[in-house]
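Okay, thanks for coming, everyone. Let's get the model up on the screen and walk through it together.

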Amino acid sequence: MRSIWNGAISFGLVSIPIKLVNATESRSVSFRQVHVEDGGRIRYKKVCELDGEEVSPADIGKAYEDADGTMIPITDEDLASLPLPTAKTIEIVAFVPAAEIDPIQIDTAYYLSANGVPAAKPYTLLREALKRSDKVAVAKFALRGRERLGMLRVVDDVIAMHGLLWPDEIRAPEGVAPETPVSVREAELDLADALMATLGEVDISTLHDDYRTAVEEMIAAKAAGGEGVAPPEPGEERRGGQVIDLMAALESSVRAAKEARGEAPAEREAAEVTELKPRGRTEGAGQTGRKKAAAGRTARKAPAEKASEDAVSEDAPPEEKAPARKTAAKKTAAKKTTAKKTTAKKTAQKATGKKTASPRKRTA
């Protein structure tokens with residue numbers, strides 16, 4: 001890797017020659033501006049706004065624009081005369097726990113490489129001291145004409161330095177939090193905890209830029225004479241944060257996360273066991289309940305009516321049950337009428353016999 005700065009780390013009275021290299025790189029796909037009509041490149045020219053002439057880099061200087069628009073020229077000699085003790089030195093000022101550094105301060109990352117064989121021993125000493133102390137070093141350094149704040153820590157067997165923003169460069173989060181008071185229920189927190197536990201951890205090295213991959217595929221397809229890639233189907237785009245029911249959204253998220261991990265939610269298993277039948281054809285518990293109710297009604301009827309009702313099947317359709325019940329009622333009425341007539345005849349016969357027997361007794 002090409003170094004972008006050469007200097008030394010000032011560690012008390014110890015000086016460690018180092019080279020500064022970029023620890024990160026941009027993988028974003030860059031585009032050129034072209035003329036839509038003919039595809040020609042659009043280039044920028046540096047032109048003086050006073051005379052309209054194009055200016056070469058050698059004729060371009062620096063100036064500070066005042067509030068009223070006045071330009072104050074600043075030369076390289078002016079900048080070189082300023083006291084800048086960290087121009088060639090990374091000056092360590094303190095060692096602090098890593099938790100004291102707010103991640104919002106962290107800026108660009110660099111690797112510090114030992115510059116030459118004599119630098120190997122003090123470089124290793126500082127690296128091992130940082131490891132054993134479990135702390136990070138706060139330092140000042142100068143880069144590209146300005147003094148910066150940095151944090152040194154160990155990454156594998158290398159000392160890395162993160163540029164830090166100055167404390168006065170961090171904006172206070174005023175007016176960002178919700179202004180309306182909101183209360184969160186314990187049930188919602190429990191579901192949020194369950195979702196966090198279900199999602200679990202992830203290996204950061206396995207994550208990649210899906211959009212960049214799609215852009216590269218589109219460019220390759222068009223370079224091969226195609227029309228690019230097909231647009232995504234409706235519904236493939238990730239939805240925004242439109243949450244209507246927070247509890248339902250949390251429950252759905254937990255269920256989807258479990259399914260993605262191959263776990264079957266208990267609620268779904270229970271729902272599959274219970275199956276609803278159409279009304280009028282329900283078997284099992286519903287049929288048993290109707291039989292019990294019919295048995296209770298039958299027990300309250302007369303013996304003759306019970307015998308008639310037993311002839312009607314409980315499983316028969318309603319249109320078949322009605323005629324059967326009418327027939328049973330007619331038979332029962334006929335039996336009652338016949339029984340009454342028989343009883344009346346017997347009563348008449350007994351009465352006749354008594355009247356006939358009385359004269360015989362008087363004659364005797």
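So, Val 29: at 28% relative accessibility, this residue counts as partly exposed, where buried means under 20% relative accessible area, exposed over 50%, and partly exposed is what lies in between, with a 1.4 Å probe and protein chains only. Quick housekeeping: this is a predicted model, so local features need pLDDT of at least 70 and side-chain atom pairs count only at pLDDT 80 or more, while totals for chains, interfaces and linings use all residues. Residues are numbered from 1 along each chain as its sequence is written, and side-chain values use heavy atoms, with hydrogens and water left out.

Back to Val 29, which sits in the loop between S2 and strand S3 (62-65); helices (H or I, at least four residues) and strands (E, at least two) are DSSP runs numbered from the N terminus. What does Val 29 touch, leaving aside its neighbours within four places in sequence? Arg 212, Val 215, Glu 216 and Ile 219, with contact meaning heavy atoms within 4.5 Å. Val 29 and Val 215 are 186 residues apart in sequence, yet 7.6 Å apart in space, C-alpha to C-alpha.

Phe 31 is in the loop between S2 and S3 too, and at 62% relative accessibility Phe 31 counts as exposed.

Now for the inside. The largest nonpolar core has 20 residues, and Ile 9, Ile 18, Ile 90, Leu 112, Leu 152 and Met 161 have the most contacts within it. By nonpolar core I mean buried Ala, Val, Leu, Ile, Met, Phe, Trp, Tyr and Cys residues joined through side-chain atoms within 4.5 Å. Which strand gives the most to this core? That's S7, with 4 residues. Take Leu 112: not counting residues up to four places away in sequence, Leu 112 touches a list including Ile 9, Ile 18, Tyr 123 and Met 161. Apart from that core lies another, of 7 residues, among them Val 96 and Val 138.

Last stop, the aromatics. There's 1 aromatic pair in the structure: Phe 11 and Phe 95, edge-to-face, 5.9 Å centre to centre with 70° between the planes. For the cut-offs, rings of Phe, Tyr and Trp (its six-membered ring) pair if their centres lie within 6.5 Å; planes under 30 degrees apart are stacked, over 60 edge-to-face, and the rest tilted. This pair links distant parts of the chain, with Phe 11 in strand S1 and Phe 95 in strand S5, 84 residues apart. Phe 11 is partly exposed at 23%, and so is Phe 95 at 34%.
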